[in-house]
Amino acid sequence: MNEIHLAVNGIYSYRRMTLNLKRRFGRNVNAKRVRRLMHVAGIHCVIRRKRPLYIRNRPQQTAENILNRDFNAAGPNQKWVTV
């Protein structure tokens with residue numbers, strides 16, 4: 001397990017370590033046993049930092065607030081708003 005841990009830069013938790021052990025040796029290994037052995041050996045997975053999905057920026061142009069949240073109109077087709 002220590003070799004696998006070093007090979008993947010420590011990003012595998014016990015679940016992925018179990019899958020990797022099954023794939024390498026072709027034998028079923030219980031996840032609870034892998035978790036316990038990793039705990040005894042002091043092997044911990046590295047929790048990777050989440051990246052921001054987008055960067056907020058100011059809009060290029062903003063329209064005047066003519067309606068001032070007064071959306072009620074006396075008749076149809078008097079107030080039109082677009083986004």
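Predicted model: local features only at pLDDT ≥ 70, side-chain atom pairs only at ≥ 80, totals over all residues.
**Ground rules.** I number residues from 1 along each chain as its sequence is written, and side-chain values use heavy atoms, without hydrogens or water. Local features need pLDDT of at least 70 and side-chain atom pairs pLDDT 80 or more, while totals for chains, interfaces and linings use all residues.

**Helix 2 against helix 3.** I took helices as DSSP runs (H or I, at least four residues), numbered from the N terminus. Helix 2 covers residues 14–25 and helix 3 covers residues 31–41. I find their axes 9 Å apart, at an angle of about 115°. Axes are lines fitted to C-alpha atoms over the stretch in contact, and angles run from 0 to 180 degrees between N-to-C directions. That makes the two helices roughly perpendicular (65 to 115 degrees).

I then listed the contact (heavy atoms within 4.5 Å). Helix 2 supplies Tyr14, Met17, Thr18 and Leu21. Helix 3 supplies Ala31, Val34, Arg35 and Met38.

**Salt bridge.** I searched for a side-chain nitrogen of Lys or Arg within 4 Å of a carboxyl oxygen of Asp or Glu. The count is one salt bridge. Lys79 pairs with Asp70, with the closest N and O atoms 3.3 Å apart. I looked up exposure next (buried under 20% relative accessible area, exposed over 50%, partly exposed in between; 1.4 Å probe, protein chains only). Lys79 is partly exposed at 34%. Asp70 is partly exposed at 38%.

**Val81.** I placed Val81 in the segment after helix 3. Val81 is exposed, at 55% relative accessible area. Its C-alpha atom is 10 Å from that of Ile66, 15 residues away along the chain.

Key
Parallel < 35°, antiparallel > 145°, perpendicular 65-115°, else oblique.
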